[in-house]
Amino acid sequence: MRVGKILNIPIRIHWSLLVLMGIICLYDPESSLLSVAYATILFGTVLLHELGHAFVARDFGFETRDITLYPFGGIAQVKLQKDPIKEFYIAIAGPAVNGFLCAIAFFCHMVGVPLMQEVMFLNVVMCLFNLLPSFPMDGGRIVRSGVARQKGTDYETATKKCLKSSKWMSWSY
């Protein structure tokens with residue numbers, strides 16, 4: 001479901017996210033307002049993370065078809081070319097946004113703004129989780145960009161190597 005545009009990038013919410021929000025509200029109606037507030041902060045943070053990818057991709061001349069938010073996170077549909085250096089910068093942009101948001105939340109927490117401790121925690125977890133060296137997470141894309149830059153390694157071979165290591169990494173989840 002399309003909910004708007006940010007700098008000409010369509011923003012979508014998958015129907016399952018709305019169902020999940022409804023279930024949360026029905027499960028505990030007394031605290032549903034607080035639950036919706038937490039969910040809004042969470043998915044606002046995910047949206048900013050994905051916009052980080054989209055804006056850096058735009059700086060490199062790549063189009064972002066859309067950003068879709070799901071119950072488990074978000075996906076920026078960027079039309080990439082096989083350029084490992086550009087892929088590195090696009091991949092690191094999302095976690096960098098989380099680091100920046102964490103710093104802002106820290107300073108807001110220091111002056112007494114409520115909920116900022118939770119926002120800091122959320123952004124640290126999102127940053128670290130996304131940096132796991134498992135494909136297709138941001139960390140996996142960063143690793144692929146490094147492997148693809150090795151002399152004599154084509155992009156397809158780099159992707160296969162990352163997928164093989166990601167398979168082993170998935171067992172730890």
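Trainee: How many aromatic pairs are counted in this predicted model?

Mentor: The count comes to four aromatic pairs.

Trainee: Why is the pair of Phe 60 and Tyr 89 called tilted?

Mentor: Two values decide the matter. The ring centres of Phe 60 and Tyr 89 lie 6.3 Å apart, and the limit for a pair is 6.5 Å. Their planes meet at 40°; stacked requires under 30 degrees and edge-to-face over 60, so the pair is tilted.

Trainee: Which parts does the pair of Phe 60 and Tyr 89 tie together?

Mentor: Phe 60 belongs to the loop between helix 2 and strand 3 (64-70), whereas Tyr 89 belongs to helix 3. The parts tied together are therefore 29 residues apart in sequence.

Trainee: What makes helix 3 roughly antiparallel to helix 4?

Mentor: Helix 3 (residues 84-110) packs against helix 4 (residues 116-130) at an angle of about 160°, and the axes are 8 Å apart. Angles over 145 degrees count as roughly antiparallel, which is why helix 3 is described in this way relative to helix 4. The crossing of helix 3 past helix 4 is left-handed.

Trainee: Which residues make the contact, and how do they divide into nonpolar, polar and charged?

Mentor: Helix 3 contributes residues including Pro 95, Leu 101, Phe 106 and His 109, while helix 4 contributes, among them, Met 116, Val 119, Asn 123 and Cys 127. The residues of this contact comprise 12 nonpolar, five polar and no charged.

Definitions and conventions:
Residues are numbered from 1 along each chain as its sequence is written. This is a predicted model: local features need pLDDT of at least 70, side-chain atom pairs count only at pLDDT 80 or more; totals for chains, interfaces and linings use all residues. Side-chain values use heavy atoms; hydrogens and water are left out. Axes are lines fitted to C-alpha atoms, for helices over the stretch in contact, and angles run from 0 to 180 degrees between N-to-C directions. Helices (H or I, at least four residues) and strands (E, at least two) are DSSP runs, numbered from the N terminus. Angles under 35 degrees count as roughly parallel, over 145 as roughly antiparallel, 65 to 115 as roughly perpendicular and the rest as oblique. A crossing is left-handed if the near helix is turned anticlockwise from the far one by less than a right angle, and right-handed if clockwise. Contact means heavy atoms within 4.5 Å. Ala, Val, Leu, Ile, Met, Phe, Trp, Tyr, Cys and Pro count as nonpolar, Asp, Glu, Lys and Arg as charged, and the others, Gly among them, as polar. Rings of Phe, Tyr and Trp (its six-membered ring) pair if their centres lie within 6.5 Å; planes under 30 degrees apart count as stacked, over 60 as edge-to-face and the rest as tilted.
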